[in-house]
Amino acid sequence: MASHEQFLKMKMRENYHNTWAVELMQTMSVDPPYYCFAFWCGPCASYLLRRRALYGNMTRYQCCGGYMPCSGKCGEQKCPEFCLLTEILCCFANSVASTRFILQDEFNIQTTQCDNCIIGFMFCLQQLACICSLVACITGDDGLNDLAQCLNCLSDSVLCTVCACMQTQHKIEMDKRDGIFSSVAVMGVPPMQQMSRMNTQDLHHDGGSVVHGYPRP
């Protein structure tokens, strides 16, 4: 039942109307300092961003955002900080994706085809590297083993790059949410999609009918 509900949520994100403040592949040029931080210290960035996405209220924390079978069964209510650290260290990619889903549900941010292609390429490359490693281990072919090593390095590099872009994208989105306007903020009248995002946020205070994500405490 839980997995079916999560599947419906993922399908619903395709029909959201808002978009991210910055495109995924533009984050490196929009906020280079934070991108470097997210690239070299990915787990630290994931920890800080998840806490910030939950408005610092760790009583709302659930392991992997409720998307894994172990979610809600890892003692999150007793030791949420420790559980979050364990999630980030053991399931780093899932921790980044969980924060992304929280923000998408809160601001009605759609999943674009470009994002799907980039993330799908990352996963396919990891699967290909894994398959080559298994075949090389079974056959003992040195040439295939070298190819597997190259693919593993390439997949790790792509994973680190894409996750850093995603985390920088999350940080910029929460800067807008929290009113932290930096050099990347666009001053003046916001576009229609941003105004829609603000109206969606107001539903948390006005008693709107349906609100997804985590409302501000």
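Predicted model: local features only at pLDDT ≥ 70, side-chain atom pairs only at ≥ 80, totals over all residues.
Glu76 sits in the loop that runs between helix H4 (42-53) and helix H5 (80-90).

**Glu76, a charge without a partner**

- Glu76 is buried but makes no salt bridge. Look for the nearest side chain of opposite charge and you land on Arg50, 8.7 Å away; that's no salt bridge because the cut-off is 4 Å.
- What the Glu76 side chain does reach is a backbone nitrogen, that of Cys63, at 3.0 Å.
- Setting aside neighbours within four places in sequence, Glu76 is in contact with Tyr61, Gln62, Cys63, Cys70, Ser71 and Cys83.

**Helix H7 and Cys132**

- H7 has 27 residues, which at 1.5 Å a residue should span 39 Å. The C-alpha atoms at its ends are 38 Å apart, so the two values agree.
- The buried residues of H7 are Asp115, Ile118, Ile119, Met122, Leu125, Ala129, Cys132 and Ala136. Their cover includes helix H6 (92-107) and helix H8 (142-177).
- Cys132 belongs to H7, which takes in residues 113-139. With a relative accessible area of 11%, Cys132 falls under the 20% cut-off and therefore counts as buried.
- Beyond its neighbours within four places in sequence, Cys132 is in contact with Leu144, Ala148 and Leu151.
- Cys132 and Asn152 are 20 residues apart along the chain, and their C-alpha atoms are separated by 9.1 Å.
- Just after H7 comes Gly140, with a positive phi of about 75 degrees.

**Aromatic rings**

- The model has 3 aromatic pairs. In one of them, Tyr34 and Phe37, the ring centres are 5.5 Å apart and the planes sit at 65 degrees, so it's edge-to-face.
- Tyr34 and Phe37 are 3 residues apart in helix H3 (residues 32-40), so about one helical turn separates them. In general, an α-helix has 3.6 residues a turn, so residues three or four places apart point the same way.
- Tyr34 counts as buried at 15% relative accessibility, while Phe37 is partly exposed at 28%.
- Phe39 and Trp40 make another edge-to-face pair, 5.0 Å centre to centre with 85 degrees between the planes. Phe39 is partly exposed, with a relative accessible area of 26%, whereas Trp40 is exposed at 67%.
- Ring pairs also bring Tyr35 into a cluster with Phe39 and Trp40.

Key:
Residues numbered from 1 in each chain as written. Heavy atoms only, no water. Helix = DSSP H or I, 4+ residues; strand = E, 2+ residues; numbered from the N terminus. Buried < 20%, exposed > 50% of the residue type's maximum accessible area, 1.4 Å probe, protein only. Contact = heavy atoms within 4.5 Å. Expected span 1.5 Å × (residues − 1). Lys, Arg positive; Asp, Glu negative; His and termini not counted. Polar contact = N/O pair within 3.5 Å; in protein donor to acceptor, adjacent residues only side chain to side chain. Phe/Tyr/Trp six-rings, centres within 6.5 Å; stacked < 30°, edge-to-face > 60°.
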